[in-house]
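Hi,

Here is the structure I said I'd pass on. Have a look at it first, and then read my notes below.

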Protein chains: 2
Amino acid sequence: MRAEVITIGDELLIGQVVDTNSAWIAEKLNEYGIELFQITSVHDNREHIIAALDEAFSRADIVLTTGGLGPTKDDITKHVLCEYFETHLIEDASVRAHIMDLYKERPDVLNRLTATQWLVPENALILENRVGSAPLMVFHHGKQILASMPGVPYEMKIAMEEQILPYIRDYESKITNYKSEHILHRTLQVSGIPESSLAIILEDYENEMPSALHLAYLPKDGMIRLRLSSYGEMSKEEVDTWFERLKGQVAPYLIADADEPLEVIAGNLLKQKGMTIATAESCTGGKLASLLNKHAGSSAFYYGSVISYDNSVKEHLLGVPESLIKEKGVVSEEVVRIMAESAKQQIGTDYAIATSGIAGPTGGSPEKPVGTVWIAWTTPKNTYAECFHLGKLRDQITDRACVKALVKLIQILRTE
Amino acid sequence: MRAEVITIGDELLIGQVVDTNSAWIAEKLNEYGIELFQITSVHDNREHIIAALDEAFSRADIVLTTGGLGPTKDDITKHVLCEYFETHLIEDASVRAHIMDLYKERPDVLNRLTATQWLVPENALILENRVGSAPLMVFHHGKQILASMPGVPYEMKIAMEEQILPYIRDYESKITNYKSEHILHRTLQVSGIPESSLAIILEDYENEMPSALHLAYLPKDGMIRLRLSSYGEMSKEEVDTWFERLKGQVAPYLIADADEPLEVIAGNLLKQKGMTIATAESCTGGKLASLLNKHAGSSAFYYGSVISYDNSVKEHLLGVPESLIKEKGVVSEEVVRIMAESAKQQIGTDYAIATSGIAGPTGGSPEKPVGTVWIAWTTPKNTYAECFHLGKLRDQITDRACVKALVKLIQILRTE
């Protein structure tokens with residue numbers, strides 16, 4: 001089966017909101033074996049929505065839309081879908097009861113605009129939106145289907161997982177002439193080699209690869225993800241064989257053989273060892289801490305951090321001598337080593353990582369230009385430190401510093 | 001002028017990468033007075049790219065593509081554009097010199113695949129990609145133009161700002177029958193009122209609004225952004241008058257009269273006062289710190305943080321008595337007040353914010369379910385604390401906690 005996503009909202013086309021929904025939906029569809037052919041973002045405009053629906057239905061079996069379902073005037077998706085599927089709005093008692101229950105402790109929300117949310121298209125199947133007031137609507141268009149979901153990411157995700165995807169799977173099983181392709185993606189992650197050099201190493205491999213297999217290079221923040229994809233023509237065993245061979249080819253640079261975030265890989269290694277970690281951050285300012293505690297279960301290995309943005313914090317909470325900062329500079333091997341060792345000791349963990357760098361735009365010098373970052377890792381056995389040059393842009397520098405910090409942590413956890 | 005964006009890459013359609021480029025481009029185009037009509041994401045597939053180009057050229061004056069320009073086999077955009085514009089690749093001496101210079105300290109990158117990057121379409125205008133090896137290509141298609149940029153966000157942004165946008169402005173001024181519309185957006189931010197209640201307050205206002213003016217509601221994380229937009233038909237003064245009236249209507253809930261991030265508003269208020277801030281974070285785990293130091297110039301007001309994820313850190317670094325945690329629980333008014341006051345004193349700032357909550361998925365209880373978050377703000381004069389219930393999902397809870405923390409900080413900075 002082939003799907004398309006249409007995201008609806010002026011805010012997407014003036015850059016006020018980044019469309020994160022599409023990538024999330026894409027991932028889920030792929031897991032389900034449904035190919036996502038195209039993503040289209042359109043305005044809250046009747047003609048534009050209708051044109052996008054026509055185009056999507058000319059290519060896809062399933063059309064998923066997000067957005068435009070709020071109770072305010074600017075949201076028109078429900079009305080346009082009524083027109084498109086030649087139906088009209090009727091009151092739905094169960095949606096009404098659900099909304100009354102949802103807001104029973106917030107009577108201020110139960111006003112006449114919220115009441116328009118229990119008006120639904122007569123010929124649509126209505127699925128429950130457990131966490132919001134906008135009804136989930138499914139329309140049948142011959143053998144094709146359209147599902148309309150809210151644009152708020154939290155609501156859309158729950159709708160998709162609990163209602164829309166199970167519905168699609170059920171529907172698919174009834175339509176005998178549709179069959180999910182066996183879509184397979186396997187991703188590995190490498191570090192420490194330029195993309196073009198990697199491609200030269202893999203030239204023979206790529207030439208020998210069957211045409212049903214695709215290899216993609218995804219460079220980001222100093223890492224490269226290599227993805228093997230097969231759309232229905234190869235078995236899992238065949239793809240696995242090619243994937244193992246790929247792993248062998250890139251072994252010296254291999255960081256992970258799955259598309260897991262680096263902080264998850266590091267966290268799992270720490271949990272396996274029963275070890276804990278802290279951070280002391282200057283230039284990364286809490287970004288590394290946020291990554292380490294982003295995922296559920298992180299309290300098993302992540303204890304805490306000292307964010308020492310100002311030098312006084314480095315002195316007072318991390319015991320970095322003022323004289324050392326004066327002599328060596330705050331972005332130096334000596335300072336970052338003390339930061340790491342002090343965080344480990346103060347916070348009482350087995351490992352600690354410290355960062356100190358010049359994120360810019362000001363603060364650079366000829367010796368230490370913007371982008372210079374010192375990182376230290378301290379472990380039960382050793383303390384390591386390395387200097388990196390990570391580009392010119394503030395966000396780029398701090399993102400890459402977190403990647404460097406996690407890559408080396410993973411390598412240390414595997415070898416030490 | 002009307003533009004469309006086509007983002008090219010299988011990774012977008014399997015959900016491996018979120019398309020952040022389109023929103024950024026959209027914002028820039030709007031600033032330039034160019035309407036972005038549609039965003040389309042397509043596969044690295046010849047037929048698909050060609051179909052998307054045909055459709056985009058049927059609607060828009062300017063087509064911007066990102067992605068598919070790497071040196072590896074999976075990147076085909078340059079070849080497809082050659083076919084589409086009926087041309088072929090030739091070696092470009094200045095692109096070659098630029099790439100040789102770019103990698104002069106990294107001879108490992110200067111291999112034969114990188115050499116394919118200085119092959120460019122003969123009939124394209126080549127603009128310099130200052131930070132990467134993929135050439136920026138501009139094609140003319142009658143009076144329409146297409147610009148092709150790399151997909152790596154940092155490279156795309158520099159390309160767009162330094163090369164593509166100035167080129168478009170220059171080109172536009174030569175084409176007398178094209179004229180930029182005077183696109184105007186004004187956004188304000190409100191907090192503390194449901195979307196539907198806000199819409200009821202604004203009902204008369206919306207009914208009286210001229211049809212050339214559009215009002216959009218953008219709810220997120222407990223805030224609502226209200227955006228007034230005019231596409232060419234109204235003067236700045238007229239839009240300003242309507243915007244001032246809108247501000248008056250929502251005055252009790254108004255947090256900001258611009259679409260600035262909350263941390264920028266708070267940071268500017270702190271800088272105006274010459275005051276400094278620290279954070280002590282449990283459930284938000286450094287997210288609030290990262291926001292406060294995200295933007296250039298934040299070292300003027302943000303000093304540092306203690307991320308006390310584990311209770312031992314609350315006791316040891318923030319002086320929260322173990323007995324108090326036992327008696328009141330770690331998610332309590334008493335604990336969060338001490339955390340804030342201690343962070344302020346330890347880090348030596350004028351203000352501090354502390355968070356302690358249950359981000360889930362485990363750790364909830366009937367009295368304190370997942371989503372319960374205590375926040376404290378301490379100032380030169382007072383300490384305030386409030387309890388919030390922020391939903392059920394981990395990311396949602398911590399994002400909303402940061403919004404609550406910043407909204408109240410802004411209110412305190414304005415009134416105290």
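Which strand of chain B does strand E2 (residues 35–42) of chain A join, and how many bridges are there? The partner is strand E2 (residues 35–42) of chain B, and three bridges link the two, which run antiparallel. (Strands are DSSP runs labelled E of at least two residues, helices are H or I runs of at least four, and both are numbered from the N terminus; two strands pair if DSSP finds at least two bridges between them.) Within that pairing, Ile39(A) sits opposite Ser41(B).

Before you go on: this is a predicted model, where local features need pLDDT of at least 70 and side-chain atom pairs count only at pLDDT 80 or more, while totals for chains, interfaces and linings use all residues. Residues are numbered from 1 along each chain as its sequence is written, with chains lettered from A and ligands numbered from 1 in the order in which they are written.

Now the contact between the chains. On chain A, 76 residues are in contact with 76 residues of chain B, meaning that their C-beta atoms, placed from the backbone, lie within 7 Å. Strand E14 (residues 302–308) of chain A gives the most to chain A's side, with seven residues.

Chain B also has some pairing of its own. Strand E6 (residues 125–127) runs antiparallel to strand E7 (residues 136–141), with three bridges, and Leu125(B) partners Val138(B) there. Val138(B) also has a bridge partner in E8(B), namely Ala147(B). E7(B) and strand E8 (residues 144–149) are antiparallel over five bridges. They make a hairpin with two residues between them, and Gly142(B) in the turn has a positive phi of about 65°.

Cheers

Note on methods
Contact = placed C-beta atoms within 7 Å.
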